[in-house]
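Me: I would like to go through this model step by step, with the cut-offs stated as we go.
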Amino acid sequence: MRKQFFLSTALALTIGGFLLIWESPPESFLKPQTGKVEKLPSADSYMREIISFKFSATGARQFTLSSDNASYYNNKSLLVVENPKLNAAQTSNLKTIKIMADKGHLFADKQTLELLGNVDARWNTEEGNNHLTAGKITYLIPSDIARAEDGFKLKTPQAQLTGEILSTDLHNGITNITSKVRAVYEPR
């Protein structure tokens, strides 16, 4: 009798366990997600290895923008570029202007280009090579002015400068430094 009671109890537990597993949703057997999955924004279009040219009102090439990858958001009128490289046209005072960054935002409606993360700008003048590093540079396309407002380091043939705010007129080659300036002048 004990043997039959033990066998029927074992059979009932086995059938109960089988039904429990059979009726359980599959998610109950998966490991719980440890991190929150972030939803990626959906761009209207994606591009790879882009090269874009911007021309001035007179028809002269103002700059060339190249990038590894780009995403365009139509409702924001925004182009997000990865590893952008900006080559500005030669002007009367500046020879070659090259700016590189980790990321960039081109706001078409405002005609503004923001270069973000490890911004590295190099250009040549009659005096020699200049090198600017900053965390962020804003380039105002219609006025051809570039601004660094979150700190910068500038090395010229005659000086090394650091400061908070720098504004450069790329067409005329005039630079204004207005906040927390420190400089070491090295005459030739």
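Me: Is E114 buried or exposed, in terms of relative accessibility?
Reply: This is a predicted model, in which local features need pLDDT of at least 70 and side-chain atom pairs count only at pLDDT 80 or more, while totals for chains, interfaces and linings use all residues. Residues are numbered from 1 along each chain as its sequence is written, and side-chain values use heavy atoms, with hydrogens and water left out. Buried means under 20% relative accessible area, exposed over 50% and partly exposed in between, with a 1.4 Å probe and protein chains only. E114 has a relative accessibility of 19%, so E114 counts as buried.

Me: With which residue does E114 form a salt bridge?
Reply: A salt bridge here is a side-chain nitrogen of Lys or Arg within 4 Å of a carboxyl oxygen of Asp or Glu, and for E114 the closest N and O atoms of the pair are 3.9 Å apart. The pair links distant parts of the chain, 22 residues apart, with E114 in strand β7 (residues 112–124) and its partner in strand β8 (residues 129–140); strands are DSSP runs of E with at least two residues, and helices are runs of H or I with at least four, both numbered from the N terminus. The partner counts as partly exposed at 27% relative accessibility, and the residue asked for is K136.

Me: How many salt bridges does the structure hold?
Reply: Besides the pair of E114 and K136, the side chains of D120 and R122 meet in a salt bridge at 3.0 Å, N to O. In that pair D120 counts as buried at 14% relative accessibility, whereas R122 counts as partly exposed at 45%. For the structure, the number of salt bridges is 2.

Me: Which residues is S71 in contact with, leaving aside its neighbours within four places in sequence?
Reply: S71 has its place in strand β2 (residues 61–73), and at 14% relative accessibility S71 counts as buried. With contact taken as heavy atoms within 4.5 Å, the residues that S71 touches beyond those neighbours are A43, S45, Y46, L78, L79 and V80.
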